[in-house]
Amino acid sequence: MTAIESRIDTLAPVAGLSVTLTNGVLSVIIDRPESLNSVTTPVLAGIADAMEWAGADQRVKVVRLGGAGRGFCSGAGMSADDVSGSGGPGTEIIAEANRAVRAITALPRPVVAVVHGPAAGVGVSLALACDLVLASDTAFFMLAFTKVGLMPDGGASALVAAAIGRTRAMRMALLAERLPAADALAAGLVSAVYPADQFDDEVDKVVSALAAGPGVAFAKTKEAINAATLTELDAALDRELQGQAVLLKSRDFIEGATAFQQRRTPNFTDTL
């Protein structure tokens with residue numbers, strides 16, 4: 001089949017994000033491979049804009065969310081200013097992550113997360129907001145927030161628990177352990193895992209099947225399953241934003257982020 005590219009004139013270009021529409025497939029690719037696709041506030045806003053736009057354009061049949069280079073998304077980028085002791089970064093990036101997650105789950109089109117390499121931090125939230133999570137056997141998932149004195153955000157407290165249950169979700173969130181693709185599949189976190197050398201072909205098969213499928217039935221199915229399983233998502237997004245706003249101003253965050261940059265074990269001292 002000849003690829004037919006359609007124009008997307010209403011979306012402003014965003015540095016670090018590639019958005020293309022070909023044969024009904026909207027590809028939204030985080031394109032910051034030098035940082036394993038860490039996301040910035042503009043990138044998250046661009047993802048949200050693309051998802052909201054897709055819901056209003058009948059040319060879009062399915063959305064594919066992925067990352068360039070060696071990984072899916074390594075989480076939110078952190079600059080030196082964020083650990084300067086000046087109170088930490090603001091919550092604007094969390095608000096845009098929340099908007100992206102809401103846009104993905106509300107979109108009346110199937111959204112497929114294409115995960116290879118790391119999906120960490122808010123990268124886990126973005127992946128699990130999607131309707132199908134297809135992983136390469138090189139992929140792994142990690143809620144790394146507590147390593148720097150933060151809590152999961154982007155809806156992870158609801159999305160992960162909805163996928164694998166409270167006990168496994170609590171372990172992922174508290175211990176910040178790396179979950180390899182095979183274990184993620186066994187736990188129910190992802191939809192399928194494919195060998196790296198077959199990954200692109202297998203993803204194309206799934207995406208093509210969705211693009212050729214019954215769009216209205218897909219939309220109603222997605223709406224029904226999300227309504228039954230993600231009843232706490234909106235509340236979780238609000239709770240995470242409020243909790244993270246406190247933690248971003250804490251001594252533990254400054255210590256955790258500094259220790260991360262210095263590659264040493266943090267010494268957390270905050271108490272309730």
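E255 and R264 join their side chains in a salt bridge, with 2.7 Å from N to O. Keep in mind as you look at it that this is a predicted model. E255 sits in helix α10, which covers residues 251–262. Buried or exposed, which is E255? E255 counts as buried because its relative accessibility is 18%, and the cut-off for buried is under 20%.

How many salt bridges does the structure hold? There are 13. Side chains of opposite charge can pair when their charged atoms come close.

| Pair | N to O distance |
|---|---|
| E255 and R264 | 2.7 Å |
| D234 and R102 | 3.0 Å |
| K222 and D131 | 3.0 Å |

Take D234 and R102, whose closest N and O atoms are 3.0 Å apart. This pair links distant parts of the chain, with D234 in helix α9 and R102 in helix α2, 132 residues apart. D234 is partly exposed, at a relative accessible area of 45%. R102 is partly exposed too, at 31%.

Then there's the salt bridge between K222 and D131. K222 belongs to helix α8 and D131 to the loop between α3 and β7, so the pair ties together parts that are 91 residues apart in sequence. K222 is buried, with a relative accessible area of 9%, while D131 counts as partly exposed at 29%.

Salt bridges also link D49, E52, E96 and R99 into a network.

### The second largest pocket

D131 shows up again at a pocket. The second largest pocket has a volume of about 520 Å³, and 24 residues line it. Which residues lie nearest its centre? They are C130, D131, L132, I225 and N226. The elements that give two or more residues to this lining are α3 (122–129), β7 (132–136), α4 (156–164) and α8 (215–229). Of these, α8 gives the most, with six residues.

C130 is worth a click of its own. C130 is in the loop between α3 and β7, and C130 is buried, with a relative accessible area of 7%. Which residues does C130 contact, leaving aside neighbours within four places in sequence? The contacts are L65, I104, V111, V112 and A113. The C-alpha atoms of C130 and T105 are separated by 6.7 Å, though the two residues are 25 apart along the chain.

### Helix α4 and what follows

Helix α4, one of the elements lining that pocket, has a set of buried residues: A156, A158, L159, V160 and I164. An α-helix has 3.6 residues a turn, so residues three or four places apart point the same way. What do the buried residues of α4 pack against? Their packing partners are α2 (92–106), α3, α5, α6 (181–187) and α9 (233–247).

Just after α4 comes G165, with a positive phi of about 90 degrees. Helix α5 spans residues 166–175 and contains L174. L174 counts as exposed because its relative accessibility is 55%, and the cut-off for exposed is over 50%. With M170 and L175, L174 forms a nonpolar patch on the surface, and together the three have about 290 Å² of accessible area.

### Positive phi without glycine

Two residues other than glycine also take a positive phi. One of them is A176, with a phi of about 55 degrees. A176 lies in the loop between α5 and β9 (179–180), and A176 counts as buried at 3% relative accessibility.

The other is N37, whose phi is near 65 degrees. Where is N37? N37 lies in the loop between β3 (25–30) and α1 (41–54). N37 counts as buried because its relative accessibility is 0%.

Notes
Residues are numbered from 1 along each chain as its sequence is written. This is a predicted model: local features need pLDDT of at least 70, side-chain atom pairs count only at pLDDT 80 or more; totals for chains, interfaces and linings use all residues. Side-chain values use heavy atoms; hydrogens and water are left out. Patches are made of residues with over 30% relative accessible area and no salt bridge: like charges are joined within 9 Å, nonpolar side chains (Val, Leu, Ile, Met, Phe, Trp, Tyr) within 5 Å. Accessible areas come from the Shrake-Rupley method with a 1.4 Å probe; for residues, only the protein chains shown count as cover. A salt bridge is a side-chain nitrogen of Lys or Arg within 4 Å of a carboxyl oxygen of Asp or Glu. Helices (H or I, at least four residues) and strands (E, at least two) are DSSP runs, numbered from the N terminus. Buried means under 20% relative accessible area, exposed over 50%, partly exposed in between (1.4 Å probe, protein chains only). On a 1 Å grid over the protein atoms alone, a cavity is a set of points where a 1.4 Å probe fits but cannot get out, and a pocket is an open set with protein on both sides within 12 Å along at least five of seven lines; lining residues have an atom within 4 Å of a point. Grid points are joined across faces, edges and corners, and a volume is the space filled by probe spheres set on the points. Contact means heavy atoms within 4.5 Å.
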